[in-house]
Amino acid sequence: MKTARIYEYGKDLVIEDVEEPKLDENGVIVKIEGAGFCHSDLHIIDGEIKILPKLPMTLGHENAGIVYKVGKNVKDLKEGDKVVVYGGWGCGYCDFCIKGEENLCIRPNWVGILNDGGYAEYLYVPHERYLVRIDKLEPKIACIYADAGLTPYRAYKKIRHLLDGESYVLIIGCGGLGQFGVKIIKALTPSKVIAVDINDEKLNKAKEYGADIIINSNKENPLTKIMEITNNLGVDASLDFVGSNETLNLSVVSTKVGGKVVQIGLAGGSANLKILENIRFEVSFEFSLWGNIKELRELLSLAENNIITPIDVEFYKLEDINRLIENLKENKIRGRAIVIP
Ligand SMILES: [Zn+2]
Ligand SMILES: [Zn+2]
């Protein structure tokens, strides 16, 4: 089968033919229809995150497709079913896995990062619990719910108890995840959304998706504007999809008493928390990671019912994956890029 593999950090991916993955009795082989390309893939390929257990490897952790073969112990899926692949594979028996929080597993086995992933024609999935069947959605687009949709959905669940009719949510970073963040907050809560980015095109997209106020932080001081809008109280919750020093500090100083900051972006910054200075009383701070299987099921059910619709996507053939990477580096991709094997 055709695949795109990383042989060396900092180099182009290599398109090559490899053997199809082998099936075992609990496993499922999925024919990939679409694999979303994530910004974290870029950090991995460039060697900024040297997380891969071996080289070469096939990346791709945002996958969906058609069930191609099922092992003899598989109960609920059959050949031809359309499925989205949950990517945060765990060990299945540590305390986190037992609680259903496989994304936090102490011995993670993530697809496309710690195991071969979906930039290939076929993907081996070790257990059917990692597959969520879809009905109306098309796998080649639905793949983006596995990460770009799931990650902000989990972050939303960490703040939803704070959001009533009078509330504000600050969303920093309006790339794919931030755009889904806007959609999720607007569809599922009565909150007003303040979106901050440095790119007007992305901000206009956030507005189209329902953001009430957009702020280009290169053009105006976001904190002044946020305090003006919220009568100097601050926002009820901040979702930081960037994670730089600057955005983390903006998240902290913008959040009101009793509010919450959720950090999602992996830009590697640090938040400088000065008690009685820049952080208000009882503001909590949480680092949200990806999502669990139950959350993916919930999100896909919202998507099947048209409550959370997809962000814009662009398709690239597997052979063109290095062009996709170039375009992403040059900031030419709006929304999410999807690899089609
Ligand atoms: Zn990702
Ligand atoms: Zn585990």
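**Figure 1. A187 in helix α5 of the predicted model.** A187 is partly exposed because 15 other C-beta atoms lie within 10 Å; here a residue is buried if 20 or more other C-beta atoms lie within 10 Å of its own, exposed if 12 or fewer, and partly exposed in between, with C-beta atoms placed from the backbone. The residue is found in helix α5, residues 176–188. Helices (H or I, at least four residues) and strands (E, at least two) are DSSP runs, numbered from the N terminus. Leaving aside neighbours within four places in sequence, A187 is in contact with I307 and I308, where contact means that the C-beta atoms, placed from the backbone, lie within 7 Å.

Residues are numbered from 1 along each chain as its sequence is written, while chains are lettered from A and ligands numbered from 1 in the order in which they are written.

Figure 2. Let us step back for a moment. The protein has ten helices and 16 strands, and its C-alpha atoms fill a box of roughly 60 × 40 × 35 Å along the principal axes. The radius of gyration is 20 Å, which agrees with the value near 20 Å for a compact globule of 341 residues; it is taken over C-alpha atoms, and the globule rule is 2.2 Å times the number of residues to the power 0.38. Of the 341 residues, 46% count as buried. Among contacts with a separation of 6 or more, 69% come from residues 24 or more positions apart. The domain assignment gives domain 1 (2–147 + 291–340) and domain 2 (151–287), with bounds that come from an automatic or database domain assignment. Their centres, taken over C-alpha atoms, are 28 Å apart. Twelve residues from domain 1 and 13 residues from domain 2 take part in the contact.

**Figure 3. The largest nonpolar core.** This core holds 91 residues, of which V84, V85 and A195 touch the most other members. A nonpolar core is a set of buried Ala, Val, Leu, Ile, Met, Phe, Trp, Tyr and Cys residues joined through C-beta atoms within 7 Å. Domain 1 and domain 2 each supply at least three residues to this core. Not counting residues up to four places away in sequence, V84 touches A64, V132, I134, A142, C143, Y145, A146, L296 and L300.

Figure 4. In β9, five of its five residues are buried. Y168, L170 and I172 point one way from the strand, while V169 and I171 point the other way. Five bridges join β9 to β10 (residues 192–197), and the two run parallel; strands pair if DSSP finds at least two bridges between them. In this pairing, V169 stands opposite V193. Helix α8 (residues 245–254) is mostly covered, with seven of its ten residues buried: T247, L248, L250, S251, V252, V253 and S254. The cover over these buried residues includes β9 (168–172), α7 (222–229), β12 (235–240) and β13 (255–263).

**Figure 5. A three-stranded open sheet.** The strand order is β2-β1-β4, with antiparallel pairing. β2 (14–17) and β4 (57–58) stand at the edges with a single partner strand each, so one side of each has no neighbour in the sheet. Four bridges join β1 (residues 2–6) to β2, and A4 has I15 as its bridge partner in β2.

**Figure 6. Backbone geometry worth a second look.** Most residues other than glycine have a negative phi, and most peptide bonds are trans. A cis peptide bond joins L55 and P56, with omega about -5°; P56 is found in the loop between α1 (39–45) and β4. N232 has a positive phi of about 65° and lies in the loop between α7 and β12. N232 counts as exposed, with 9 C-beta neighbours inside 10 Å. N331 has a positive phi of about 60°, and its place is in the loop between α10 (321–329) and β16 (336–340). With 11 C-beta neighbours inside 10 Å, N331 counts as exposed.

Definitions and conventions:
This is a predicted model: local features need pLDDT of at least 70, side-chain atom pairs count only at pLDDT 80 or more; totals for chains, interfaces and linings use all residues. Two residues are in contact if their C-beta atoms, placed from the backbone, lie within 7 Å.
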